[in-house]
Amino acid sequence: MNSYFSQEFLTTSSKNISDEISKNSFFYREKILNEDTITKIMSETELFDLKFNSLEVSSVHDYDGYYMSNGLAKSRTLFNLLTSNEIINISKQYLGKEFRLKCHRVYSVGSGIKNPWHTDDKKYGKKNDKVKGLVFIIYLNDVFDGEFQAVKGSHLFSRDFQYPNFDTHLVREYKDSMVSFKMPKGSIVIFDNKTIHRAKPYFNFFWRRKSLFFQIDNEIEDGEKILVKTEFLKNLSYNQTMLLGMGMPSNMPHEPSKTGINTINFKMILNLQVQIFKAVFFRTFHLLKFLFNDKFKRFIQKLYKKKVKVNTK
């Protein structure tokens, strides 16, 4: 399998990456993915192409965010990247011999979204600090505003708090340890799931942040449901099979879990109204065709032919 990663990332050992995360809570590098790989991921996942009443796999809209949580059913590039030896080796080095893809999503969020400071050591919304995990974020466009932020070293003490979400004033106490990751397209941040972090709020209505997020935990008994295009499943190794949770329960809900017609924005609502108007027209036409059976149609045709003959005399 040809690697999608830069030479610098490939020559960084999984042990060095693991050691850096253990020490600082995170590891990061700029431009580990090239432009072509990012373009393929965005094109193949069709993030902004929402489909209503369709059997096709589609993204969802959650207020001002677009989320594709079934990208492995659409994108060979994404499948190859997530199941690559590089990702598996990093996971094995940090998590041990057992690990599983808990969730993944290609997403884009707009201006004004407020993401609370939080940790990702949770299950069904509740804190679960017994599970060790790694979170990977790859920027799919340049992010110099609304960037990922993390509290350095926080994976070592966040378990002392009862809940996974943190008030902003509490995190301000660690402002000297706060790191902002303003980086170009294709850059990566890998962090321990107990790290206190957030996406910084930003206000620019002419720009959207686009990222790839996936989490790998050492708990293999549960995870989000994964839809996979079967043509991707060729000669899988044991580690790839384990990563994908083959044969294991998958009962965790996809995130965001509360999407519906009420979470689409005004632009989508307007577009949906236009589509509904068209649907009413075509449905009415279809119904009229159904009501006008063949016998009735022939009767109308005979009347029409008689009228034509009379007019030509």
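The model is predicted, so local features need pLDDT of at least 70 and side-chain atom pairs count only at pLDDT 80 or more, while totals for chains, interfaces and linings use all residues. Residues are numbered from 1 along each chain as its sequence is written, and side-chain values use heavy atoms, with hydrogens and water left out.

I start with pockets. On a 1 Å grid over the protein atoms alone, a pocket is an open set of points with protein on both sides within 12 Å along at least five of seven lines, a cavity is a set where a 1.4 Å probe fits but cannot get out, and lining residues have an atom within 4 Å of a point. Points are joined across faces, edges and corners, and a volume is the space filled by probe spheres set on them.

The largest pocket has a volume of about 1,100 Å³. It is lined by 41 residues, and the closest to its centre are Arg105, Asn115, His118, Lys122 and Glu255. Which strand gives the most to this lining? That is β4, with five residues. Strands here are DSSP runs of E, at least two residues, and helices are runs of H or I, at least four, both numbered from the N terminus. By class, the lining has 18 nonpolar, nine polar and 14 charged residues. Nonpolar means Ala, Val, Leu, Ile, Met, Phe, Trp, Tyr, Cys and Pro; charged means Asp, Glu, Lys and Arg; the others, Gly among them, are polar.

The second largest pocket holds about 160 Å³. Among its 13 lining residues, Ser58, Val60, Ser69, Asn70 and His254 are the closest to the centre.

The whole structure has one cavity of 30 Å³ or more, and the volume of the largest cavity is about 90 Å³. Its lining divides into two nonpolar, three polar and nine charged residues. β4 (100-109), β6 (122-123) and β14 (209-217) each supply at least two of the lining residues.

Last, the helices. α2 (residues 14-24) and α5 (residues 85-95) pack at about 50°, with axes 9 Å apart. Axes are lines fitted to C-alpha atoms, for helices over the stretch in contact, and angles run from 0 to 180 degrees between N-to-C directions. The pair is therefore oblique, as angles under 35 degrees count as roughly parallel, over 145 as roughly antiparallel, 65 to 115 as roughly perpendicular and the rest as oblique.
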